[in-house]
Amino acid sequence: MTDTPRRADGVREPDPTLGKNYQPAAVEPVPAPPVEQPSEPAKPPKRQRVVLADPRSSRRTTPTLRARLELEQQTSWGELLIRDLVKHQLRTALGLGVLVLLVLGVLPLAFYVWPGFADLRVVGVPLAWLLLGLLPFPLLLLAGLAHNRLAERNERDFVDMIES
Amino acid sequence: MQLNPWALSGIATVAVLTFYLGHRSSRFANTTHDFLVARRTVRSRRNAAAISGEYLSAASFLGIAGIILKDGADGLWFPIGFTAGYLALMLFVAAPLRRSGAYTLPDFLEARLGSVVLRRCGTFFVVFIGTLYLVPQLQGAGLALTTVLDVPSWVGVVAVFVLVVANVMAGGMRAITVVQAFQYWLKLFAIAVPAFVLCAVFLAGGKPGPAGSLGSPAPPVFASETTVDIRTDVAFEVHTLTQVVVRHPGETVPHEEVWVQGSTRELPSGTSVRFPSGTPVPTVGEAKVDNTEWLRPGSGGLEDLLRTYSLIFATFLGTMGLPHVLVRFYTNPDGRAARRTTVHVLLLLGLFYLFPTILGALSRMYVPELLLTGQTDAAVLRLPSAMVPGVAGQVIGAVVLAGAFAAFLSTSSGLLVSLAGVVSTDLSKGRVPDFRIAAGLVGVAPLALALFLRPNDLSLSVGMSFALAASTFSPVLLLGVWWRRLTWPGAMTGMIVGGGLVLAALVIDVVGRFTGGWAPWFTDQPALFTVPAAFLVTILVSLATPNGRPADVNAVMLRLHAPDRLGFMRDRAVARFGQVEERARLGRGRHRK
């Protein structure tokens, strides 16, 4: 967000979005601090979102320098930390992957071993077509969402641990 | 083949819009950074649309419906695998790969294992896989154009090629991102709307299609007297006593023939056959004959079961090794954004893949003659005019065709960008003129192959490139990201063994196809054996060569896995092109992550 242009006396320039016919109300020079002039009721100025604190920038505070250095210089402690994170992330990914693979991978075998299962019908539509043509996609999406959440939590925990 | 003005205008619209969007955004693409990575500030939602747009190729748009028309329920594994590949990508490699700062797969190999020889080997496989993937796209374009215009198929191949090369040369990655995001939505529209309309037509009819109900045990039949023109040589088995009127090429007067049950017929290209109404449709190759068999998954016995598992292996693990997929991920700002983008991609792909299935099932009832001509990939294109006569059918057909063209254009643009990126940064200095020259050069080989090779089923040849990617790059990627003890000799032998096995299978399969189809089933779906072999070789050789372990493995692992906010990520391009300040300027709030 760029700064609102101000005149030399500290008064805000009229908002350019109000059009060129807009006449700014007369401003009597007031000693600092400059007071925001209430604008005409007929033409309220464009609404502006006021952000008191950017959550991203506050989260982005660099972690303590020492912890970063430890990680970077590959002290045994730093190495242990990152090994632990990798193990956590791998466990999360493998868990979800194996789950999805089991659910989907068991289907061909089930159809092969048990032909009656393949012939089942749900309101006229073969169950097999529903199981293969429709259901895998929400399942995959859910697994993706879950992983996104878990992996970000692992990372957050790691950073919290370093910063504390 | 009558000239369809609607279809022509559909294609023209897509071509003009693509060119316009590409041109409009390429005005802003001036730096190498723009060309290669779109300045790495693409928002995750648009990036997801672009990734999906690039990924949904001719195989997805036309091929899946064709496979379902032919193989029925077993063909449903193709869309599942194409989507699940992204889940595997997300679970195991998306964020670490993005953080590695590698722009291409060879880049990653060099960064992780520090070997230039390995990098060269990776470049070879990237170019090979990319070429293999480009050929069916171009051939699909040729096929699609022949269904609306009376032109030889090379016209479509050359037209798409020229359009893509012009666009890529003009704008690189920056132009491609906008174009591909647009093309995803176009493709979704072009397949969803016809699917809804045709479904409504089907349900309003209240009776099964003319070729017979899908639940009936009989094969589909010709509903009325039908004349089928054979355009490529076909051989098929006759299942019932059939009386037909045949005109062989070169003959002027057709004559009657009676085909007895169980005999094998071979019809050369140019033959035209007239079937009386009610005749069961003979099927070419290994297509399912009876509808009951078609409807039930796993009806082909043990071989079908193993083939399905092989397909699962290839597609689940192959996606992460495709050359054009990784490059797109590089346009994300960081690892977390890469992960979020993939979730969006899973949603977008899942949405799209609901529709080819519906169209494939409908085409079994309305255009069964494709089973005889072998052009099952044209099912989606032929279906609208077969179901809805008159102008309405032509308009729907034009929408589908426009979507198909978007599919050819987006996938081939993406492939060309990534191949040109790999070649230009590997073999020359990676400046903008090098990129343009490389784009022209790497396009020539697929163009030549597409013109001279016999067109095959789109999904199958794309399946082969997935198998190749799964057997070469996925072991290196997975083990490289998660296993410290990987060494460059291990990675190299694994890639060569996996790739070599797939190539051997490919050669045997092609030879077998030309000499009577004696090749066993796993030659056209080899991933079930080649992927474990590649993994095993990689691990064993790595354990045997502990000296090849890079000295900086801990530092690399830290960079791959440390959360983004700690700031360990280092981009190759920043180091290389020195644009840190510009990136900081652009990254501050104007672009959401």
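**Entry 1: the nonpolar core**

I began with the largest nonpolar core of this predicted model, which holds 205 residues, and I looked up which members touch the most other members: they are Leu87(B), Leu383(B), Leu401(B), Ala404(B), Phe405(B), Leu416(B) and Ala420(B). As background I noted that in soluble globular proteins nonpolar side chains tend to be buried together. From that list I picked Ala420(B) and asked what it is in contact with once its neighbours within four places in sequence are left aside. The partners are Val168(B), Phe435(B), Ala438(B), Ala439(B) and Val442(B).

**Entry 2: the two chains**

I then looked up the make-up of each chain. Chain B has 593 residues, of which 60% count as buried, and its secondary structure comes to 23 helices and 6 strands. When I took the contacts in chain B between residues at least 6 apart in sequence, I found that 81% of them join residues at least 24 apart.

For chain A I noted 164 residues, with 20% counted as buried, and a secondary structure of 6 helices and 2 strands. Read from the N terminus, the order of its elements is α-α-α-α-β-β-α-α. Of the contacts in chain A with a separation of 6 or more, 52% come from residues 24 or more positions apart.

**Entry 3: H3(A) against H10(B)**

I took one helix pair across the two chains for a closer look, keeping in mind that two packed helices are described by the angle between their axes and the distance between the axes. For H3(A) and H10(B) the angle is about 170 degrees and the axes are 10 Å apart. Since angles over 145 degrees count as roughly antiparallel, H3(A) and H10(B) are therefore roughly antiparallel to each other. On the H3(A) side the contact is made by Gly105(A), Pro108(A) and Tyr112(A), and on the H10(B) side by Leu305(B), Thr308(B), Tyr309(B) and Ile312(B). I sorted the residues of this contact by class and found 5 nonpolar, 2 polar and no charged residues.

I also looked at helix H10 of chain B by itself: it covers residues 301-318, has 18 residues, and reaches 26 Å from its first C-alpha to its last, close to the 26 Å expected at 1.5 Å a residue. Its buried residues include Arg307(B), Thr308(B), Ser310(B), Leu311(B) and Ile312(B).

Is Leu104(A) buried or exposed? Leu104(A) lies in helix H3 of chain A, and because it has 21 C-beta neighbours inside 10 Å, it counts as buried. Leaving out residues up to four places away in sequence, Leu104(A) touches Pro136(A) and Ile80(B). I also looked up Leu104(A) and Leu131(A), which are 27 residues apart in sequence and 9.2 Å apart in space, C-alpha to C-alpha.

Leu99(A) is likewise placed in helix H3 of chain A, but with 13 C-beta neighbours inside 10 Å it counts as partly exposed. Between Leu99(A) and Glu79(A), 20 residues apart in sequence, the C-alpha to C-alpha distance is 30 Å.

Not counting residues up to four places away in sequence, Pro96(B) touches Gly335(B), Val481(B), Leu560(B) and His561(B). The C-alpha atoms of Pro96(B) and Leu188(B), which are 92 residues apart along the chain, are separated by 30 Å.

Ala555(B) is in helix H21 (residues 553-561) of chain B. With 16 C-beta neighbours inside 10 Å, Ala555(B) counts as partly exposed. I found its C-alpha atom separated by 9.8 Å from that of Arg112(B), although Ala555(B) and Arg112(B) are 443 residues apart along the chain.

Key. Residues are numbered from 1 along each chain as its sequence is written. Chains are lettered from A and ligands numbered from 1 in the order in which they are written. This is a predicted model: local features need pLDDT of at least 70, side-chain atom pairs count only at pLDDT 80 or more; totals for chains, interfaces and linings use all residues. A nonpolar core is a set of buried Ala, Val, Leu, Ile, Met, Phe, Trp, Tyr and Cys residues joined through C-beta atoms within 7 Å. A residue is buried if 20 or more other C-beta atoms lie within 10 Å of its own, exposed if 12 or fewer, and partly exposed in between; C-beta atoms are placed from the backbone. Two residues are in contact if their C-beta atoms, placed from the backbone, lie within 7 Å. Helices (H or I, at least four residues) and strands (E, at least two) are DSSP runs, numbered from the N terminus. The expected span of a helix is 1.5 Å times one less than its number of residues. Axes are lines fitted to C-alpha atoms, for helices over the stretch in contact, and angles run from 0 to 180 degrees between N-to-C directions. Angles under 35 degrees count as roughly parallel, over 145 as roughly antiparallel, 65 to 115 as roughly perpendicular and the rest as oblique. Ala, Val, Leu, Ile, Met, Phe, Trp, Tyr, Cys and Pro count as nonpolar, Asp, Glu, Lys and Arg as charged, and the others, Gly among them, as polar.
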